[in-house]
Amino acid sequence: MKFEKISPSEFPFIYKEMEKSFIKEEIRDFDDAVKVLENPDYSVYHIEYDGKKVGFITVWKLSEYYFIEHFAVYEKYRNMGFGKTAIGLFCQKHKKVFLEAEPPHTDLASRRINFYKRCGFCINDFKYMQPSYRKNGDGIELVILSFGEVLPCHKKTIKELYKAVYGVL
């Protein structure tokens, strides 16, 4: 398995997959998403296995951590171990990793949280609101999961996340 950085011409395909895998509040409008590709701290990768693109991951490099903004295995490759392997490889390489997830209020959200726990993530026990990606939009309550241990300086890290990813000062 490997991570292959996408070319800008491949982004429309990735965006369509984002729309299938995430609720509207968890993704940018297409034009804004394209603009973010220019940010040197942001990367989008295909997850490849045996020459096949099985998923994607979008990542922000912050000062101390990597923030996984979006991660998905394509529907026809789900439940084959690709997600666990991909997350494991990414975290093995980068160590300091965190992400957001929906609170476990539904069966699907609970399964997602449990997946990340099995991959070595832990839930950070503080209230977290993801700022809106859209003007005049509402933020949504999510939980922060971090790899290996809870975020030791979560206020500083969340402040940096808000500024870098969401443009909130």
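Let's start with helix α4, which covers residues 107-118 of this predicted model. The helix has twelve residues and reaches 16 Å from its first C-alpha to its last, close to the 16 Å expected at 1.5 Å a residue.

Now look at which residues of α4 are tucked away: Ala109, Ile113, Phe115 and Tyr116 are buried. Viewed down the axis of α4, the buried residues fall within an arc of 155°, so they line one face of the helix. Here's a handy rule: an α-helix has 3.6 residues a turn, so residues three or four places apart point the same way. Turn to the other side of α4 and you'll find Asp107, Arg111 and Arg118, which are exposed.

What covers that buried set? The cover includes the strands β4 (66-73), β5 (97-101), β6 (121-123) and β8 (140-147), along with helix α3 (82-94). Just after α4 comes Gly120, with a positive phi of about 100°.

Together with Met1 and Tyr49, Leu89 forms a nonpolar patch on the surface, and the three have about 240 Å² of accessible area together.

Finally, hop over to Ile6, in the loop between β1 (2-5) and α1 (11-21). Is Ile6 buried or exposed? At 12% relative accessibility, Ile6 counts as buried, because the cut-off is under 20%. Leaving aside neighbours within four places in sequence, Ile6 is in contact with Phe11, Ile14, Val44, Tyr45 and His46. As for Ile87, 81 residues away along the chain, its C-alpha is separated from that of Ile6 by 18 Å.

Conventions
Residues numbered from 1 in each chain as written. Predicted model: local features only at pLDDT ≥ 70, side-chain atom pairs only at ≥ 80, totals over all residues. Heavy atoms only, no water. Helix = DSSP H or I, 4+ residues; strand = E, 2+ residues; numbered from the N terminus. Expected span 1.5 Å × (residues − 1). Buried < 20%, exposed > 50% of the residue type's maximum accessible area, 1.4 Å probe, protein only. Arc of directions from axis to C-beta. Contact = heavy atoms within 4.5 Å. Patch = residues over 30% accessible without salt bridge, like charges linked within 9 Å, V, L, I, M, F, W, Y side chains within 5 Å. Areas by Shrake-Rupley, 256 points an atom, 1.4 Å probe, with all protein chains shown as cover. Salt bridge = Lys/Arg side-chain N within 4 Å of Asp/Glu carboxyl O.
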